[in-house]
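This briefing is intended for reading alongside the sequence and the coordinates. Please examine the model below before turning to the notes.

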Amino acid sequence: METEPFAKWHCVTCGHIYDEALGDPDTGVAPGTRWADVPDDWYCPDCGATKEAYEPYG
């Protein structure tokens with residue numbers, strides 16, 4: 001069984017990087033959480049932008 005490598009997503013508002021491998025434990029998102037599994041009400045910890053403000057990084 002092959003697993004997709006972890007991806008990174010960036011906030012187009014402030015440049016914050018969400019790394020799936022690291023998650024965002026400070027806001028309750030565990031390491032290894034895929035972007036699709038991040039709750040829809042999650043927001044950028046740096047600027048408060050919504051999840052919709054993120055695009056694939058790299």
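The notes that follow cover the sheet, the nonpolar core, the cysteines and one aspartate.

This is a predicted model, in which local features need pLDDT of at least 70 and side-chain atom pairs count only at pLDDT 80 or more, while totals for chains, interfaces and linings use all residues. Residues are numbered from 1 along each chain as its sequence is written, and side-chain values use heavy atoms, with hydrogens and water left out.

**Sheet**

- Three strands form an open antiparallel sheet in the order 2-1-3; strands are DSSP runs of E with at least two residues, numbered from the N terminus, and two of them pair if DSSP finds at least two bridges between them.
- Strand 2 (17-19) and strand 3 (54-56) each have a single partner strand, so one side of each is left without a neighbour in the sheet.
- On average, neighbouring strands of this sheet are turned by 30 degrees against each other, direction ignored; the axes are lines fitted to C-alpha atoms.
- Three bridges link strand 1 (residues 8-11) to strand 3 in the antiparallel sense, and C11 stands opposite Y54 of strand 3.

**Nonpolar core**

- The largest nonpolar core has eleven residues: W9, C11, Y18, V29, W35, V38, W42, C44, A49, A53 and Y54.
- Such a core is a set of buried Ala, Val, Leu, Ile, Met, Phe, Trp, Tyr and Cys residues joined through side-chain atoms within 4.5 Å.
- Buried means under 20% relative accessible area, exposed over 50% and partly exposed in between, with a 1.4 Å probe and protein chains only.

**Cysteines**

- C44 counts as buried at 1% relative accessibility, whereas C14 is partly exposed at 40%.
- Leaving aside neighbours within four places in sequence, C44 is in contact (heavy atoms within 4.5 Å) with C11, C14, H16, A49 and Y54.
- The structure holds zero disulfides, a disulfide being a pair of cysteine sulfur atoms within 2.5 Å.
- The cysteine sulfur closest to that of C14 belongs to C44 and lies 3.6 Å away, which is too far for a bond.

**Aspartate D19**

- D19 is found in strand 2 and is buried, with a relative accessible area of 14%.
- The side chain of D19 reaches the backbone nitrogen of A21 at 2.9 Å.
- Not counting residues up to four places away in sequence, D19 touches A7 and K8.

Key
Helix = DSSP H or I, 4+ residues; strand = E, 2+ residues; numbered from the N terminus. Axes fitted to C-alpha atoms, helices over the stretch in contact; angles between N-to-C directions. Polar contact = N/O pair within 3.5 Å; in protein donor to acceptor, adjacent residues only side chain to side chain.
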